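Here's a quick tour for anyone opening this structure for the first time. Have a look at it, then read on.

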Amino acid sequence: MSEKKKIVIADDEPFILSALQDTLSDEYAVFSASNGKEAVALVAKTMPDLAILDVMMPEMDGLEACKVLKKDSATKGVPVILLTAKGQITDIEKGFKSGADAYVVKPFSPARLMEKVEEIFEKVQMRKKIIEDKKKS
Amino acid sequence: MEENRTQQLDTAKVFNLRVWEGIQYKLSSVLGIAVKVISEDGSVITDETNFSDFFRYLHASEKGRQVLEIKPEELKDAEKEVKVYAGLKYLFSSTYFYGKKFNIIVGVTGKSEKPQPLLSEISESTGLKYEELLKAYEAIEVVPDEKISKLSDLIVDLFNIVVELSVQEHITQSANKAKEEEIAKMAALMEASVIINSTRNLDQLLRIIMQSAEKVMQAEASSVFLIDSSSNELYFEMATGPKEEEVKKLRLKMGEGIAGWVAYTGESLLVPDASQDPRFAKRVDEKTRFITKSVICVPLRVRNQIIGVVQVLNRIGGGTFNKSEIKFLEALASQAAIAIENTNLYEHLEERAEMLNKELKDAMDKLGFEKMRIESMIKSMDDAVVAADREGKIVMLNRVAEDIFGITAANSYGKPLADVIKDRSILENYKVVTALKSTAKNEVKIKRGNKEHIFAAVFAPILDDRGEYAGGVGVLRDVTEIKELDKMKSEFLNMVSHELRTPLTPIQAYSELMLVRNVSEEKVKKYADIINKETQRLGSLIGDLLDLSRIESGKGLSLAIEEFDFKSFLSSVYETFRSASAKHKIILTMPDKSEKIKADRNKMIQVMSNLLSNAIKYSPDGGNIYITMTENEDRVYVSVKDEGLGVAKGDLDKIFEKFYRVENEKVKKIGGTGIGLPIVKYILELHNGDIEVISEEGKGSEFKFYIPKVK
């Protein structure tokens, strides 16, 4: 644990963005964007361990940004958590179809968000281990 | 028959005198004997034939003939005997025929030896000459007894043969006569039945029937009575004869008179002499001055029910009717009854037909009216209606259907649905109706003008009276607007939910961070500030929603009017929003002079905050936002201008409609409830002001409003 894990966050609402920032910045290195386009660029640039994207954003929404990231071989390994005020099943479906790894509904509890983030990191860790084990055998 | 024949023999009509007289003459002239036939009662059937001068001489005078008369009583027991008359012995032979005795003198068997006293007596009583009588008497040839006896047997046999032949001849004749009568009766009956089937005029019918009855029965008059069931009286339905008119005015009570009796008992009646019959009603004769002698009266029956009577009166030339004629009249009466029943039936049928006809006509009129009404209703409907028959050919099409399918009714009638309507989903719907005889529903998209409209299409089978499939009818309702409203509603709910969650998210996040994490005092201040701002935002959003619901429910908004300086008001608004967005620069321009207005301060804050947050929201790439205040003598003008996305031309007049949100992908990604601008406009109108928008897509928007100054 020498270096802090990197997380890119994106939301067009400044206070939500700052709430995310304040929730995560104690544990992680946080990079923020205010729309999808910016987020994609920021992910490509920083190659974070996780991207948390708001669904409803101007310019490019979170679903599109997620799709773009998952299509790009360079960024497709970056896990994505979608964040939205909408909690409907269809939205969640859309989210998973776009390749998102998890879904967090607004308003969110910072503790829950942290748990979700850690959960994702554990999963990534497990996957890495399995792949390494396979390589060894 | 036996009795009849005897009666006829009694009247001596049967006996063929001409034949017998011929025989008798021949016998007398050849045999020289006297022959005479006397009936039991003493009446002479054939006179004596004798060619002797004595008889001839006596016969020449009236008194001489009386001498030769034989007294009936003297013949009583005679069978074959010799009697002496006028000094002559005669042989009498008797014969019985059908119980009656006939006495036949056959010849003279002896003469007196001394005829002088007798002859002088005859001469005295008759005035005939004694000498002549004597001379003739002496010349009489006497036939010996034995010979006479044999002759008498022969003569009796001959008489019997003649009588028998006569009777046979008579029987044949009367049989022929009866046959002729029978034929006449049959003809009358035939005629009656022919008439019954050829005419429906009851009076004429009965008249013809009764006239033929009169003719056949040789009657003076006839009549038909019917029973009036309401009064239980008999009235003359038809009367022939000389007193017809008078008769027709009369009525008989049930049981009154012969007709009444027959109607009452149902039995045919032959009255040979009406004046002697206690049942006879004299008043009819008295009224009509007709003299009823003999009557045959029979009942008229229709299906075993007596409906009246038929009577025939007085044999022409006197005499009475006989029993065989009852049968004939009964047969005729049954024909008349059929005629009456037929006529009644016919009349009844005619009435019924007329009634049905009227009912049908009424129904048709009503139907026609109903059809017209329904047709005009369907024609003027806002929904498209199209109907097809069993074969799928169009039978009806209303104006809206013409419009949406781009066809005309005139060109479409009788054509298969598939040839005229191109929309596949409609045709498939129709197929379902045809195949399953059940209703089919779906949504159909049809282009109307430039816009695609959504129609709710319902196809239903048309069933006839017997519940059999007779075709299908389709109704298409334009639900585009409803669909749009529905879509707007769900979008609105989504947006409201989003808009409420947006400020709630930092509030929840920061309050939790403050509670759970050990945050510095500096951070606490920052968090609390954010919570406060977002709470205000949430409050104003809820305020907007409440305002909307007040406006919607018709309660309206109430204003708390106060007088305040508009310049300082704008300045404070500016201060609040100045730091709301890092990307935007708000530039406020105001005149030097301070202007006071009368308004609801909070509502004016609502207006400004709506316009400014819109300006920020819809210019996501940032830019300048200009707040410019101008004035004229009466009004204060405020313009809020941004450099953002702008509004498309088609949306300009709709953005003040509630729930309206621009159909633009870029704009849609930006949250918003679609209620802000409508409330702004409403508030300004309440202040006697108004608002307008000047915008071009991609080139920013300018919202410009005014409110009146204080006077």
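## Confidence

pLDDT is the predictor's confidence in each residue, on a scale from 0 to 100, and contact means heavy atoms within 4.5 Å. This is a predicted model, where local features need pLDDT of at least 70, side-chain atom pairs count only at pLDDT 80 or more, and totals for chains, interfaces and linings use all residues. Residues are numbered from 1 along each chain as its sequence is written, chains are lettered from A and ligands numbered from 1 in the order in which they are written, and side-chain values use heavy atoms, leaving out hydrogens and water.

Chain B has a mean pLDDT of 81, with 92% of its residues at 70 or more. Over residues 1–11 of chain B, though, pLDDT stays under 50, and the model has 14 contacts beyond four places in sequence for that stretch. Where pLDDT is low, the predicted coordinates should not be read in detail.

## Two helices in chain A

Helices here are DSSP runs (H or I, at least four residues), numbered from the N terminus. Which residues of helix 1 of chain A meet helix 5 of chain A? They are A:L20, A:T23 and A:L24, and their partners in helix 5 of chain A are A:P110, A:L113, A:M114 and A:V117. By class, this contact of helix 1 with helix 5 of chain A has six nonpolar, one polar and no charged residues. Ala, Val, Leu, Ile, Met, Phe, Trp, Tyr, Cys and Pro count as nonpolar, Asp, Glu, Lys and Arg as charged, and the others, Gly among them, as polar.
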